[in-house]
Amino acid sequence: MSLSVALDTHAAPGFLNRVAGLVHTHRSRLLAYARKRGLNAEDALDVVQEGFLTFLRLPQALTVAEPDALKLLTVLVRHQLQNRRRQNARTWPSEAAPAMHHETSEELVARAEELARVNGCILRMNALQGDVIRLSLLDERPYDEVAAVLGISEGYVRVLLHRAREHVRNCEDRL
(Lines give C-alpha, C1' and ligand atoms only; values in the text may rest on other atoms or scores of the structure.)
Protein backbone atom coordinates (compact mmCIF):
# COMPACT_ATOMS: atom_id res chain seq x y z
CA MET A 1 0.00 0.00 0.00
CA SER A 2 1.44 3.37 -0.99
CA LEU A 3 1.86 6.21 1.45
CA SER A 4 -0.81 8.35 -0.23
CA VAL A 5 -3.40 5.55 -0.01
CA ALA A 6 -2.50 4.95 3.64
CA LEU A 7 -2.85 8.67 4.36
CA ASP A 8 -6.20 8.87 2.57
CA THR A 9 -7.71 6.00 4.53
CA HIS A 10 -6.24 6.73 7.98
CA ALA A 11 -5.77 10.50 8.03
CA ALA A 12 -7.58 12.74 10.46
CA PRO A 13 -9.97 15.29 8.96
CA GLY A 14 -8.06 18.28 7.59
CA PHE A 15 -4.69 16.53 7.74
CA LEU A 16 -4.20 16.35 3.97
CA ASN A 17 -5.16 20.01 3.59
CA ARG A 18 -2.60 20.92 6.26
CA VAL A 19 0.08 18.85 4.53
CA ALA A 20 -0.73 20.46 1.16
CA GLY A 21 -0.43 23.87 2.82
CA LEU A 22 2.94 22.97 4.32
CA VAL A 23 4.22 21.75 0.96
CA HIS A 24 2.98 24.87 -0.81
CA THR A 25 4.38 27.21 1.85
CA HIS A 26 7.80 25.66 2.46
CA ARG A 27 8.75 23.78 -0.73
CA SER A 28 10.64 26.65 -2.41
CA ARG A 29 12.49 27.59 0.79
CA LEU A 30 13.58 23.98 1.35
CA LEU A 31 14.62 23.59 -2.29
CA ALA A 32 16.75 26.74 -2.04
CA TYR A 33 18.27 25.36 1.17
CA ALA A 34 19.27 22.12 -0.58
CA ARG A 35 20.57 23.92 -3.69
CA LYS A 36 22.64 26.30 -1.54
CA ARG A 37 24.33 23.26 -0.04
CA GLY A 38 25.56 22.02 -3.40
CA LEU A 39 22.86 19.75 -4.80
CA ASN A 40 21.71 20.02 -8.39
CA ALA A 41 18.03 20.74 -9.05
CA GLU A 42 17.00 17.10 -9.44
CA ASP A 43 18.78 15.90 -6.29
CA ALA A 44 17.44 18.88 -4.33
CA LEU A 45 13.88 18.02 -5.33
CA ASP A 46 14.42 14.38 -4.34
CA VAL A 47 15.85 15.38 -0.96
CA VAL A 48 12.94 17.76 -0.23
CA GLN A 49 10.38 15.13 -1.23
CA GLU A 50 12.08 12.56 0.99
CA GLY A 51 12.05 15.10 3.83
CA PHE A 52 8.30 15.63 3.43
CA LEU A 53 7.67 11.88 3.32
CA THR A 54 9.69 11.39 6.51
CA PHE A 55 7.70 14.21 8.12
CA LEU A 56 4.42 12.56 7.14
CA ARG A 57 5.47 9.27 8.70
CA LEU A 58 6.05 10.91 12.09
CA PRO A 59 3.25 10.22 14.59
CA GLN A 60 3.35 13.83 15.81
CA ALA A 61 3.12 15.34 12.29
CA LEU A 62 -0.51 16.32 12.83
CA THR A 63 0.17 18.16 16.08
CA VAL A 64 3.36 20.09 15.14
CA ALA A 65 2.72 23.86 15.14
CA GLU A 66 3.45 25.87 11.96
CA PRO A 67 6.78 27.51 12.96
CA ASP A 68 8.01 24.23 14.41
CA ALA A 69 6.97 22.39 11.26
CA LEU A 70 9.42 24.42 9.17
CA LYS A 71 12.21 23.79 11.68
CA LEU A 72 11.47 20.07 11.70
CA LEU A 73 11.26 19.94 7.89
CA THR A 74 14.60 21.78 7.61
CA VAL A 75 16.25 19.26 9.94
CA LEU A 76 14.76 16.35 7.98
CA VAL A 77 15.94 17.85 4.67
CA ARG A 78 19.41 18.42 6.15
CA HIS A 79 19.58 14.75 7.19
CA GLN A 80 18.38 13.60 3.76
CA LEU A 81 21.01 15.88 2.17
CA GLN A 82 23.76 14.35 4.30
CA ASN A 83 22.55 10.87 3.41
CA ARG A 84 22.59 11.79 -0.30
CA ARG A 85 26.16 13.10 0.00
CA ARG A 86 27.29 9.91 1.73
CA GLN A 87 25.56 7.85 -0.92
CA ASN A 88 27.24 9.83 -3.72
CA ALA A 89 30.64 9.52 -2.03
CA ARG A 90 30.34 5.73 -2.03
CA THR A 91 29.85 5.42 -5.79
CA TRP A 92 32.64 3.89 -7.77
CA PRO A 93 35.18 6.40 -9.10
CA SER A 94 34.36 5.44 -12.70
CA GLU A 95 30.71 6.42 -12.10
CA ALA A 96 31.33 9.55 -10.01
CA ALA A 97 33.96 11.45 -12.00
CA PRO A 98 33.77 12.11 -15.73
CA ALA A 99 36.76 11.17 -17.82
CA MET A 100 39.44 13.86 -17.66
CA HIS A 101 40.62 15.39 -20.90
CA HIS A 102 44.33 16.03 -20.85
CA GLU A 103 45.33 18.84 -23.17
CA THR A 104 48.24 18.37 -25.49
CA SER A 105 51.09 20.84 -25.44
CA GLU A 106 49.82 22.35 -28.71
CA GLU A 107 46.37 22.93 -27.17
CA LEU A 108 47.92 24.53 -24.08
CA VAL A 109 50.06 26.86 -26.21
CA ALA A 110 47.05 27.79 -28.37
CA ARG A 111 44.97 28.54 -25.28
CA ALA A 112 47.77 30.66 -23.77
CA GLU A 113 48.10 32.61 -27.03
CA GLU A 114 44.33 33.22 -27.11
CA LEU A 115 44.37 34.43 -23.50
CA ALA A 116 47.26 36.79 -24.30
CA ARG A 117 45.33 38.11 -27.32
CA VAL A 118 42.17 38.71 -25.25
CA ASN A 119 44.18 40.36 -22.46
CA GLY A 120 45.85 42.66 -25.00
CA CYS A 121 42.46 43.57 -26.44
CA ILE A 122 41.10 44.37 -22.98
CA LEU A 123 44.14 46.54 -22.21
CA ARG A 124 43.50 48.57 -25.40
CA MET A 125 39.85 49.30 -24.47
CA ASN A 126 38.87 52.56 -22.88
CA ALA A 127 39.00 52.50 -19.10
CA LEU A 128 35.24 52.25 -18.54
CA GLN A 129 34.83 49.27 -20.90
CA GLY A 130 37.78 47.54 -19.26
CA ASP A 131 36.26 48.10 -15.82
CA VAL A 132 32.93 46.67 -17.00
CA ILE A 133 34.68 43.57 -18.39
CA ARG A 134 36.72 43.04 -15.24
CA LEU A 135 33.78 43.51 -12.85
CA SER A 136 31.05 41.66 -14.73
CA LEU A 137 32.91 38.87 -16.52
CA LEU A 138 36.06 38.28 -14.50
CA ASP A 139 34.68 39.07 -11.02
CA GLU A 140 31.21 37.69 -11.96
CA ARG A 141 29.36 40.59 -10.34
CA PRO A 142 25.73 41.24 -11.33
CA TYR A 143 24.95 44.14 -13.64
CA ASP A 144 23.26 46.22 -10.95
CA GLU A 145 26.31 45.95 -8.71
CA VAL A 146 28.66 46.89 -11.57
CA ALA A 147 26.45 49.90 -12.32
CA ALA A 148 26.55 51.00 -8.68
CA VAL A 149 30.33 50.64 -8.44
CA LEU A 150 30.95 52.60 -11.65
CA GLY A 151 28.18 55.15 -11.09
CA ILE A 152 26.37 54.42 -14.37
CA SER A 153 23.02 52.89 -15.26
CA GLU A 154 22.49 49.16 -15.57
CA GLY A 155 21.44 49.60 -19.20
CA TYR A 156 24.70 51.40 -19.96
CA VAL A 157 26.60 48.52 -18.33
CA ARG A 158 24.89 46.14 -20.76
CA VAL A 159 25.72 48.39 -23.73
CA LEU A 160 29.37 48.70 -22.70
CA LEU A 161 29.62 44.96 -22.12
CA HIS A 162 28.13 44.27 -25.57
CA ARG A 163 30.59 46.70 -27.20
CA ALA A 164 33.50 45.24 -25.24
CA ARG A 165 32.64 41.71 -26.35
CA GLU A 166 32.45 42.86 -29.97
CA HIS A 167 35.82 44.58 -29.54
CA VAL A 168 37.39 41.37 -28.20
CA ARG A 169 35.83 39.26 -30.99
CA ASN A 170 37.15 41.58 -33.71
CA CYS A 171 40.50 42.45 -32.11
CA GLU A 172 43.36 40.72 -33.90
CA ASP A 173 46.38 42.69 -32.68
CA ARG A 174 48.77 41.19 -30.20
CA LEU A 175 50.81 43.00 -27.56
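Of the 175 residues in this chain, 27% count as buried. The model is a predicted one. Its chain holds 9 helices and 0 strands, so that reading from the N terminus gives the order α-α-α-α-α-α-α-α-α. Among the contacts with a separation of 6 or more, 64% join residues 24 or more positions apart.

Helix H3 covers residues 41–57, which makes 17 residues. From its first C-alpha to its last it reaches 25 Å, close to the 24 Å expected at 1.5 Å a residue. The N-terminal end of H3 is capped by Asn40. In this cap, a side-chain oxygen of Asn40 lies 3.2 Å from the backbone nitrogen of Glu42.

Which residues of H3 are buried? They are Asp43, Ala44, Val47, Val48, Gly51, Phe52, Phe55 and Leu56. An α-helix has 3.6 residues a turn, so residues three or four places apart point the same way.

Helix H7 spans residues 127–138 and has 12 residues. The distance from its first C-alpha to its last is 15 Å, close to the expected 16 Å. Asn126 caps the N-terminal end of H7, with a side-chain oxygen 3.1 Å from the backbone nitrogen of Leu128. Beyond the other end, H7 is followed by Glu140, and the phi of Glu140 is positive, near 55 degrees.

The buried residues within H7 include Gln129, Gly130, Val132, Ile133, Leu135 and Ser136. What covers them? The cover includes helix H6 (105–123), helix H8 (143–150) and helix H9 (154–170).

The axes of the two helices come within 9 Å and cross at roughly 100 degrees. An angle from 65 to 115 degrees counts as roughly perpendicular, and therefore H7 is roughly perpendicular to H9. On the H7 side, the residues that meet H9 are Leu128, Gln129, Val132, Ile133, Ser136 and Leu137. On the H9 side, they are Tyr156, Val157, Leu160, Leu161, Arg163, Ala164 and Arg165. The residues of this contact divide into 9 nonpolar, 2 polar and 2 charged.

Notes. Residues are numbered from 1 along each chain as its sequence is written. This is a predicted model: local features need pLDDT of at least 70, side-chain atom pairs count only at pLDDT 80 or more; totals for chains, interfaces and linings use all residues. Side-chain values use heavy atoms; hydrogens and water are left out. Helices (H or I, at least four residues) and strands (E, at least two) are DSSP runs, numbered from the N terminus. The expected span of a helix is 1.5 Å times one less than its number of residues. Buried means under 20% relative accessible area, exposed over 50%, partly exposed in between (1.4 Å probe, protein chains only). Contact means heavy atoms within 4.5 Å. A polar contact is a pair of N or O atoms within 3.5 Å; within protein, one must be able to donate a hydrogen and the other to accept it, and residues adjacent in sequence count only if both atoms are side-chain atoms. Axes are lines fitted to C-alpha atoms, for helices over the stretch in contact, and angles run from 0 to 180 degrees between N-to-C directions. Angles under 35 degrees count as roughly parallel, over 145 as roughly antiparallel, 65 to 115 as roughly perpendicular and the rest as oblique. Ala, Val, Leu, Ile, Met, Phe, Trp, Tyr, Cys and Pro count as nonpolar, Asp, Glu, Lys and Arg as charged, and the others, Gly among them, as polar.
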